Protein chains: 2
Amino acid sequence: MELITLVIYDIEDDRIRQRVSEICKDYGLERIQYSAFSGKLSRNRREELFLKLSKVVGRQTGKIIIQPLCEKDVKDQKVIVNEKKSDDLAEENK
Amino acid sequence: MELITLVIYDIEDDRIRQRVSEICKDYGLERIQYSAFSGKLSRNRREELFLKLSKVVGRQTGKIIIQPLCEKDVKDQKVIVNEKKSDDLAEENK
């Protein structure tokens, strides 16, 4: 059974942080925050992701939390979100 | 019943981000990552925290996820962690 899985990380090294986000995307997860991804994974895929990320981090300073969420927990999630104003986005895309 | 609750956030404004982390501490949560806190909260306290954080963020750009975790989910959490070497810490505390 696939469960929504959160991956949240603190990684100092830019290159490694970049690799972590690429691997999350490879596993079909979507970026939900600057340093957080979310998506459905089976227990096997979650285990695989854990091993892959462990290898990428290696002995570098960092922390990654891989957190599966049951349906009830997902339902009880609360989100506060204010998108960037489109003016700001236009500014950044210049 | 109190559940371990994750609070993860992306806040651009330094002052507001600081306020969010202070409020998390006021609610007895502990910092687990640069922009993530965790700790036990009852449903009422979680609701209170949600309202308080919503007010602090106001109309500023940002996203906060408040995620309660059942015991089973907590048990299935996987963490990769490499602490900063003590040398590095000594360097930062100079």
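In the predicted model, B:D76 is buried at 16% relative accessibility (buried, under 20% relative accessible area; exposed, over 50%; partly exposed, in between; 1.4 Å probe, protein chains only). This is a predicted model in which local features need pLDDT of at least 70 and side-chain atom pairs count only at pLDDT 80 or more, while totals for chains, interfaces and linings use all residues. Residues are numbered from 1 along each chain as its sequence is written, chains are lettered from A in the order in which they are written, and side-chain values use heavy atoms, without hydrogens and water.

B:D76 forms a salt bridge with A:R43, with the closest N and O atoms 3.4 Å apart (salt bridge, a side-chain nitrogen of Lys or Arg within 4 Å of a carboxyl oxygen of Asp or Glu). The pair crosses between chains, linking helix 2 of chain A to the loop between helix 3 (71-75) and strand 5 of chain B; helices (H or I, at least four residues) and strands (E, at least two) are DSSP runs numbered from the N terminus. In chain A, A:D76 forms a salt bridge with A:K72 at 2.8 Å between the closest N and O atoms. A:D76 is buried at 18%, whereas A:K72 is partly exposed at 47%. Twelve salt bridges are found over all chains.

An open sheet of five strands, paired antiparallel, has the order 2(A)-3(A)-1(A)-4(A)-5(B), where pairing requires at least two DSSP bridges between strands. Strand 2 (30-33) of chain A and strand 5 (78-82) of chain B each have a single partner strand, so one side of each lacks a neighbour in the sheet. Strand 4 (residues 62-69) of chain A pairs with strand 5 of chain B over five bridges, and A:I66 stands opposite B:K78.
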